[in-house]
Each structure stands twice: as C-alpha cells, then as structure tokens.
Amino acid sequence: MNRVSQINYSKAPETVQKEHDFHIENVGKMTNMKRTLLNNIPTFRVMMEWYTMKDEAKKFLNDLEIYFLCYTISSENECAICSLFFVKLLQEQGIDHRNFEFNARQQALVDYGRAIGKNPKSISDEVFAALKKEFTEEQIVVITGFAAMMVATNLINHVLEVDVDGEYEGMDWK
C-alpha cells in the first residue's frame, strides 16, 4: 500500500491537473507511480526525464534492447512495478523474458544492466569491456544515464511502496 497517497485528479490543484493532462497528451499513460509523484510537480518533472533519456538511447538502441536493459535493472533491483511494465511490453512483442537468446550486443546490455542493478560499485572489467566492444563512449554515457534514471524509478517505487498497477496483478515478473 502506498506510503504517500496518489493524487486524486478531481480534487487536485489546477496546476497538478494541467501537469497530469500534459503528460497524458504528450507521453501517454498515467501510472500509480506518476500519480504519486504528482504530489510535487518539480519531482514529477525530474523523474519524467526518464523519457528524455529513453529518447537519447533510442538514437542507437531499438525498443527490444531498451526493454531488456530496463527489465534487467528492475528485476535485479527487485522492483515488481517496473519489471512487470517491461515484461508486459516484451510479451506484447511475443517475447518470453525468461527464454530469449541474446546476440552479443544485447548480452552486453543485459550484463551491464544486471551489474548496475545488483551492485553498481563492482561492475567487472569483463562486463565493461564487452560493452565497449558494442558501443561508443558517448553511447555508454547515455546508457549509464538512462540506467541511473531506471534505478531512481525503482527507488521511488520501493521507498514509497507504490502499489502495483491493476493491469499487472497476477503477472509474474521474475
């Protein structure tokens, strides 16, 4: 159960309603986490920079690579909400997240995401070397920044104990 309430749109101040409406019109779905973050507009906006980082990553990563990177980080962080979000996106593409054969590029991303999610202070030279074989230094910075936003999203969900969105109830994320 959420430690902090989600905004009630009909009772929210006009500024919050406008932020809510802008997000739906320009980004899409309003989740439990986002409704929780809307208790403070600057915090909501900072966390929504995840989409800015995703756009940067999309310049050289495809959707599947992004989904697996984010899923791997979230599952290692044991964030059910974010893991389920990406499991559903993978399922919509007919992909079983447990039984997928990665190519070298995808494996480098998944290993990096797993290392970031598990313990970002001890990423092995081997994992980093594999990443450097597949990506430029600028791309690695983007991937790392995007990964940091994913970790921050997981942290919000954990600390505030945000409720899992109803559409994910009953799904397995591990």
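Visitor: Buried means under 20% relative accessible area, and exposed means over 50%. This is a predicted model, and with those cut-offs, is Cys70 buried or exposed?
Guide: Cys70 is found in helix α5. The relative accessibility of Cys70 comes out at 0%. The cut-off is under 20%, so Cys70 counts as buried.

Visitor: Which residues is Cys70 in contact with, leaving aside its neighbours within four places in sequence?
Guide: Contact here takes heavy atoms within 4.5 Å. With neighbours up to four places away set aside, the list for Cys70 is Trp50, Phe86, Phe146 and Met150.

Visitor: And how far apart in space are Cys70 and Val87, C-alpha to C-alpha?
Guide: Along the sequence, Cys70 and Val87 are 17 residues apart. In space, going C-alpha to C-alpha, the separation is 9.9 Å.

Visitor: How many disulfides does the structure hold?
Guide: A disulfide needs two cysteine sulfur atoms within 2.5 Å. Take Cys79: its nearest cysteine sulfur belongs to Cys82 and sits 3.8 Å away, so Cys79 is in no disulfide. Cys82 is in no disulfide either, with the sulfur of Cys79 as its nearest at 3.8 Å. For the whole structure, the number of disulfides is 0.

Visitor: Is Cys82 buried or exposed?
Guide: Cys79 has a relative accessible area of 2%, so that one is buried. For Cys82 the relative accessibility is 6%. The cut-off is under 20%, so Cys82 too counts as buried.

Visitor: Which side chain makes a polar contact with the side chain of Asn154?
Guide: Asn154 has its place in helix α9, residues 137–159, and is buried at 0% relative accessible area. Beyond four places in sequence, Asn154 touches Ile73, Ser74, Asn77, Cys79 and Cys82. A polar contact takes N or O atoms within 3.5 Å. At 3.2 Å, the side-chain partner of Asn154 is Ser74.

Visitor: Whose backbone oxygen lies 2.9 Å from a polar atom of the Asn77 side chain, and which residue is that?
Guide: Asn77 sits in the loop between α5 (63–76) and α6. Not counting residues up to four places away, Asn77 touches Gly117, Val151, Asn154 and His158. The backbone oxygen at 2.9 Å from the side chain of Asn77 is that of Gly117.

Visitor: About how much space lies in the largest cavity?
Guide: Its lining has 16 residues, and Met33, Lys34, Tyr51, Phe85 and Thr153 lie nearest the centre. By class, 11 of the lining residues are nonpolar, 3 polar and 2 charged. The space in the largest cavity is about 240 Å³.

Visitor: What about the largest pocket: about how much space lies in it?
Guide: The lining includes Glu19, Phe22, His23 and Tyr51. The space in the largest pocket is about 150 Å³.

Terms used:
Residues are numbered from 1 along each chain as its sequence is written. This is a predicted model: local features need pLDDT of at least 70, side-chain atom pairs count only at pLDDT 80 or more; totals for chains, interfaces and linings use all residues. Side-chain values use heavy atoms; hydrogens and water are left out. Buried means under 20% relative accessible area, exposed over 50%, partly exposed in between (1.4 Å probe, protein chains only). Helices (H or I, at least four residues) and strands (E, at least two) are DSSP runs, numbered from the N terminus. A polar contact is a pair of N or O atoms within 3.5 Å; within protein, one must be able to donate a hydrogen and the other to accept it, and residues adjacent in sequence count only if both atoms are side-chain atoms. On a 1 Å grid over the protein atoms alone, a cavity is a set of points where a 1.4 Å probe fits but cannot get out, and a pocket is an open set with protein on both sides within 12 Å along at least five of seven lines; lining residues have an atom within 4 Å of a point. Grid points are joined across faces, edges and corners, and a volume is the space filled by probe spheres set on the points. Ala, Val, Leu, Ile, Met, Phe, Trp, Tyr, Cys and Pro count as nonpolar, Asp, Glu, Lys and Arg as charged, and the others, Gly among them, as polar.
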